[in-house]
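Here is a short briefing on one strand, its neighbours and the pockets around them. Look at the model first, then read on.

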Amino acid sequence: MTDYFDKPIVDKPLIQQGFITMTLTPNKLFIFGMLLLSALAMPFAQAADDIKGVNLLHTANWRAATDDFGSSFKASNPLVQNEEIAVEFTMSAKQEGKRWPFVELVCATETALTGVSNLEITYRSESDVSVKFSQSDFGSKGDGSYAHYQTVIPASDEWVTIKLQASEFKQPSWAPESTKKIALNLSNVEDIYLSPKLNFETGETSTLRIKSLRVL
């Protein structure tokens, strides 16, 4: 007498086209279900794991950006030349009735920086540079404050490598009170901004060079 649990669920094989012949019994179906649940229960890899430690100079999408009422930049096309990026930024003076001028070099990773704890940058710059995590909560799809978490690296006439901890990044002093209630969330960050700190009262020109940028 055949035990119930050894009887096939179907009378005919599920796949019988010259490749595989397979019949699922309740026992086999139970085991298959358990394996599937175990696979689903496994933790997912952090979003940024694939780019950690990689020089984003060669993998990210880079672009220089400025306001559209006076500021400008000069750079090669494409931006990466001879294993580095070099951009000369000119910030215009603040104009009455106009928005605040800005200049920035954007590193678009197209990957959420979930799990990132450090950022390492090799650079030269004629001025101090604000390094910003572009968090969607503060951008055009968020509250529109653009009060991104940021920190400042100093001007350097020579190539220098600096390692920054994510915990060092703070919102600017002018951030609205409502914005200050939103914590740094690297799962909502894909772009990193490098913004030379130039004189917006008189206007100023400065060159920024990048040889390496890595998230760790």
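Both faces of strand S6 are covered in this predicted model. On one side, Val-129, Val-131, Phe-133 and Gln-135 are buried; on the other, Ser-130, Lys-132 and Ser-134 are buried. Buried means under 20% relative accessible area (1.4 Å probe, protein chains only). Strands are DSSP runs of E, at least two residues long, numbered from the N terminus.

**Basis**
- Residues are numbered from 1 along each chain as its sequence is written, and side-chain values use heavy atoms, without hydrogens and water.
- The model is predicted: local features need pLDDT of at least 70, side-chain atom pairs count only at pLDDT 80 or more, and totals for chains, interfaces and linings use all residues.

**Strand partners**
- S6 spans residues 129-135.
- Five bridges join S6 to antiparallel S7, residues 149-153. Two strands pair if DSSP finds at least two bridges between them.
- Phe-133 has Tyr-149 as its bridge partner in S7.
- Seven bridges join S6 to S9, residues 189-196, also antiparallel.
- Ser-130 stands opposite Ser-195 in S9.

**Largest pocket**
- A pocket is an open set of points on a 1 Å grid over the protein atoms alone, where a 1.4 Å probe fits, with protein on both sides within 12 Å along at least five of seven lines; lining residues have an atom within 4 Å of a point.
- The largest pocket is lined by 23 residues. Trp-100, Pro-101, Phe-102, Lys-132 and Trp-174 lie nearest its centre.
- S4 (103-108), S6, S7 and S9 each give two or more residues to this lining.

Notes: Buried means under 20% relative accessible area, exposed over 50%, partly exposed in between (1.4 Å probe, protein chains only). Helices (H or I, at least four residues) and strands (E, at least two) are DSSP runs, numbered from the N terminus.
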